[in-house]
Amino acid sequence: MTLQLSPRVLVAFAGLLPVLLPAARAQTPAPPPSFYTTYTYAAYTVYDTTSTDPPTRVGGVGGWLIFRPNGTYEKRLSISGRNGPMFFRQDGTFTLKGDSIRFAFSDLKGPDVQRGTFRFDPATRHLSLTILGYPTGNRGVYELDAAPAPAPQPKPRRARRK
């Protein structure tokens with residue numbers, strides 16, 4: 001016996017496919033628009049798996065990081081050192097996939113790539129970046145806060161005509 005389905009039944013069934021397919025095929029949603037902004041560095045912690053020492057919270061962290069919707073970024077990071085502050089500058093591109101982030105840039109040594117993960121909380125506008133290090137298992141964790149959103153500007157009032 002062969003089952004024959006009418007075109008209407010097939011169209012109705014096709015409309016249900018997104019509901020019936022496993023959720024694993026769903027893509028991670030893009031970050032909200034508030035993700036693309038200027039952040040200030042609040043903390044930096046280094047995890048070194050080659051040492052028995054606890055993670056090192058680096059003091060004197062400053063600077064900013066800008067993410068733009070077109071996939072470009074600017075990083076200006078300063079860290080206080082024994083011989084004064086150290087400054088890091090990166091300009092490049094970034095890509096997001098799920099909770100993974102990839103930075104591509106060029107510096108004095110040539111083209112380079114850094115990979116890691118990110119966690120963004122739209123409610124607090126807090127961003128955590130974990131950048132993978134070497135050897136495997138080492139990582140740096142950056143905590144950043146979005147610059148305050150600009151206050152809404154009142155609309156200018158039109159002058160009344162007399």
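Begin by selecting Arg 68 and Glu 74: these residues form a salt bridge, with 2.5 Å between the closest N and O atoms. The term denotes a side-chain nitrogen of Lys or Arg within 4 Å of a carboxyl oxygen of Asp or Glu. The model is predicted, so that local features need pLDDT of at least 70 and side-chain atom pairs count only at pLDDT 80 or more, whereas totals for chains, interfaces and linings use all residues. Residues are numbered from 1 along each chain as its sequence is written, and side-chain values use heavy atoms, with hydrogens and water left out.

Arg 68 itself has 27% relative accessibility and therefore counts as partly exposed. On this scale, buried means under 20% relative accessible area, exposed over 50%, and partly exposed in between (1.4 Å probe, protein chains only).

Next, select Arg 76 and Asp 91, whose side chains meet in a salt bridge at 2.9 Å, N to O. Because Arg 76 belongs to strand β4 (residues 72-81) and Asp 91 to strand β5 (residues 84-97), the pair ties together parts that are 15 residues apart in sequence. Strands here are DSSP runs (E, at least two residues), numbered from the N terminus. Arg 76 is buried, at 17% relative accessibility, while Asp 91 is partly exposed, at 32%.

Arg 89 is exposed, with 60% relative accessibility. Finally, show Arg 68, Glu 74, Arg 76, Arg 89 and Asp 91 together: salt bridges that share partners join these residues into one network. The structure holds four salt bridges.

Technical notes
Helices (H or I, at least four residues) and strands (E, at least two) are DSSP runs, numbered from the N terminus.
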